[in-house]
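Work through the exercises below with the sequence and the structure open beside you. Try each task before you read its solution.

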Amino acid sequence: MKNNRKEETLIMKNYDIIIIGGGPAGLAAAVEVSKSGCCSILILERDKELGGILNQCIHNGFGLHTFKEELTGPEYADRFITMVNDLKIEYKLNTMVIDINEEKQITAMSKEEGLFTLKAKAVILAMGCRERARGALNIPGYRPAGIFSAGTAQHLLNIEGLMPGKEVVILGSGDIGLIMARRMTLEGATVKVVAELMPYSGGLKRNIVQCLDDYQIPLKLNHTIVDIDGKERIQGVTLAKVDENRKPIPGTEEYISCDTLLLSVGLLPENELSQGMGVKLDPVTSGPIVNDKLETNKKGVFACGNVLHVHDLVDFVSKEASVAGRNASEYVKSFNAKPDNMSDKVIPLIPENGVRYTVPQWINSENMEEILTVRFRVGNVYQNKNISVYFDDCLLSKRKKKIMAPGEMEEIKLKKQDLLRYPSLNKIIVRIED
């Protein structure tokens, strides 16, 4: 039996495109690949069902851009799952990918098939993101029960039907934390405060209004937790105000009793597999550095969704994933063809003066689509400022916005015809200015 198992791990099946992750990004990419005409597609998903994080997001607000109607997370996921099934796209559930090498050979494991290997002409990375844990925060105190990430609490409540606690403090004002403030309140808990280290919220304005303001839940900006009380179960936390360097200010401490602490302190793209195969990561986004095709530095390896950069709307994830799927399909179609006369001229996008990053990070003007969407986030709250785009030192466009905040993604459009008018262009600068 052991020898048979060993032989099984050596059997390799070939696919045109393998998609890592069956969440919203992976599903949308797969649908686009199938519609583009690629023959063999496989989705590998580690969970027991497709849909990813959407399955536990039972609130509405999804789908306004994609389907022109308001859906819950499971409803939005079901639309794409239905398309995947109708298109007869193959997928494997309960399957953990443990390695991808530079030849696009994928090693995976499942209970049913054991350890197995697959080979792809192109790979689409769509692993999503994970929550930052307490260990990254360096909060002093014991490690009692009752401390959860906001996403874990959401899973317990919406999937398992378990109530995490009754008296709640939330640290961090990301969208999941804001949504869980409302969700816990609706289930009968008392959310005493949402504390945020920064001078602005990390979530969408609509979530602040609908999840905090509508339920009279206080939001304390420039505050953090400096101590956790309790050994067996959390009994309370000590909040303190922070200065401009984000250091606690002595004398501002405030004790708040609670039996539950939810952490909503940021999301990190799941890029261990990407790093393992040598994909270069952006130090700001923690996601892959990609070109205008959403292709990484590894030929035939594409990235989309929250593994690339953390999005605020799932509709934008789906749109971006469709672009990755379409480009991966084009790559496969030209896989056996002779190399074309693609120009080696690449133009970097440089974020400046309040723009934290751009996706993509560089483009090839000769091979880009007619209109390219560039997404980015700002590093502070700006009112009545301009998003300016420069081709080298020449101002191309300037667009005023009433307000910009780190919690909401911004975008600009670049036209191929504009870039082709500047054959000696060295860089594109995106900045915030008056």
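**Exercise 1. At what angle do helix H2 (residues 24-36) and helix H8 (residues 314-333) pack, and how far apart are their axes?**

Before starting, note that this is a predicted model, in which local features need pLDDT of at least 70 and side-chain atom pairs count only at pLDDT 80 or more, while totals for chains, interfaces and linings use all residues. Residues are numbered from 1 along each chain as its sequence is written, and side-chain values use heavy atoms, with hydrogens and water left out.

Step 1. Find the elements: helices (H or I, at least four residues) and strands (E, at least two) are DSSP runs, numbered from the N terminus.

Step 2. Two packed helices are described by the angle between their axes and the distance between the axes. Axes are lines fitted to C-alpha atoms, for helices over the stretch in contact, and angles run from 0 to 180 degrees between N-to-C directions.

Step 3. H2 and H8 pack at about 40°, and their axes are 7 Å apart. H2 is therefore oblique to H8, given that angles under 35 degrees count as roughly parallel, over 145 as roughly antiparallel, 65 to 115 as roughly perpendicular and the rest as oblique.

Step 4. Look for the contacts (heavy atoms within 4.5 Å). On the H2 side they include Ala25, Ala28 and Ala29, and on the H8 side they include Ala321, Gly325 and Arg326.

**Exercise 2. Describe how helix H5 (residues 175-186) lies against H6 (205-212).**

Step 1. The axes of H5 and H6 come within 8 Å and cross at roughly 20°, so the two helices are roughly parallel to each other.

Step 2. Among the residues of H5 that meet H6 are Leu178 and Ile179, and among those that H6 contributes are Ile208 and Leu212.

Step 3. Gln216 is exposed, because its relative accessibility is 67% (buried means under 20% relative accessible area, exposed over 50%, partly exposed in between, with a 1.4 Å probe and protein chains only).

**Exercise 3. What is the strand order of the open sheet of three strands?**

Step 1. The order is E12-E13-E14, with antiparallel pairing; two strands pair if DSSP finds at least two bridges between them. E12 and E14 are at the edges with a single partner strand each, so one side of each has no neighbour in the sheet.

Step 2. Count the bridges: six join E12 (residues 223-229) to E13, and four join E13 to E14 (residues 254-257).

Step 3. Check individual partners, with Ile225 facing Leu239 of E13 as its bridge partner, His223 standing opposite Lys241, and Val237 standing opposite Ile256 in E14.

Step 4. Now consider burial: five of the six residues of E13 (residues 236-241) are buried, so this strand is largely enclosed by the rest of the structure.

Step 5. Finish at the hairpin of E12 and E13, where six residues lie between the strands and Gly230 takes a positive phi near 125°.

**Exercise 4. How many disulfides does the structure hold?**

Step 1. A disulfide is a pair of cysteine sulfur atoms within 2.5 Å, and the structure holds zero.

Step 2. Take Cys129 as a check: the nearest cysteine sulfur, which belongs to Cys57, is 11 Å away.

Step 3. Cys129 is partly exposed, because its relative accessibility is 24%, and Cys394 is also partly exposed, with a relative accessible area of 34%.
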